[in-house]
Amino acid sequence: MSDVLHLDLPEADTTRALGAALAGVLRAGDLVILTGDLGAGKTTLTQGLGAALGVRGQVASPTFIVAREHPPLPRADGTRGPALVHVDAYRLGSLDELDALDLDSSLDESVTVVEWGRGLAEALTDDRLEIDLQRPRGGDVDTENPEAGTRRATVRAVGDRWAGVDLSSLLAASA
């Protein structure tokens, strides 16, 4: 099963809103693979996800530490959501290096987000969301503010876990 959704993200707040909307459809055990160039919004999206999940700690790029776990904070009703495991696979060169992170042990209890994970993280599970983020290029780039400009997100739901899951709530993030 594979569904595809395309979203325009005109600013960083819209990218964070997409992350927050994702929190509404994700549950413990879900894997999200983020792909995109530097500055495309991978960490920004994960910040929105972490805020909406209600996890501890500032969500920042785990580039130099490779993986960071953000435990859930208690909700007003005393329950807790899943933890967020945030991985940057940019420096990983093989599936063996990804396996060495032992993500399998926390995959069932956490929402796991792997930046730069295409080509590696798919081996973790058959069920995942793959999100490709594209940033403006060439003549579309504001030379005075290169971080500005509308990004384009392509969300692919892969595997049986996503059969029948309505992802249309994600559309509201880009509205």
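Author: Welcome! A residue counts as buried when its relative accessible area is under 20%. Please keep in mind that this is a predicted model.

Reader: Thanks! Why is strand β7 largely enclosed by the rest of the structure?

Author: Strand β7 covers residues 151–158. It is largely enclosed because, of its eight residues, the number that are buried is six.

Reader: Which strand do seven bridges join to β7, and which residue of β7 is the bridge partner of Glu130?

Author: Seven bridges join β7 to strand β6, residues 128–134, and the two run antiparallel. Glu130 has its bridge partner in β7, and that residue is Arg156.

Reader: Let's turn to helix α1. What does it reach from its first C-alpha to its last?

Author: Helix α1 spans residues 12–23, which makes twelve residues. At 1.5 Å a residue, the expected value is 16 Å. The computed reach is close to that, at 17 Å.

Reader: And which residues in α1 are buried?

Author: The cut-off is again a relative accessible area under 20%. In α1, the buried residues are Thr14, Thr15, Leu18, Gly19, Ala21, Leu22 and Ala23.

Reader: Zooming out, how many helices and strands does the protein have, and in which pattern?

Author: Along the sequence, the pattern reads β-α-β-α-β-β-α-α-β-β-β. The totals are four helices and seven strands.

Reader: What share of the contacts with a separation of 6 or more comes from residues 24 or more positions apart?

Author: A contact here means heavy atoms within 4.5 Å. Among contacts with a separation of 6 or more, the share from residues 24 or more positions apart is 71%.

Note on methods:
Residues numbered from 1 in each chain as written. Predicted model: local features only at pLDDT ≥ 70, side-chain atom pairs only at ≥ 80, totals over all residues. Heavy atoms only, no water. Expected span 1.5 Å × (residues − 1). Buried < 20%, exposed > 50% of the residue type's maximum accessible area, 1.4 Å probe, protein only. Pairing = 2+ DSSP bridges.
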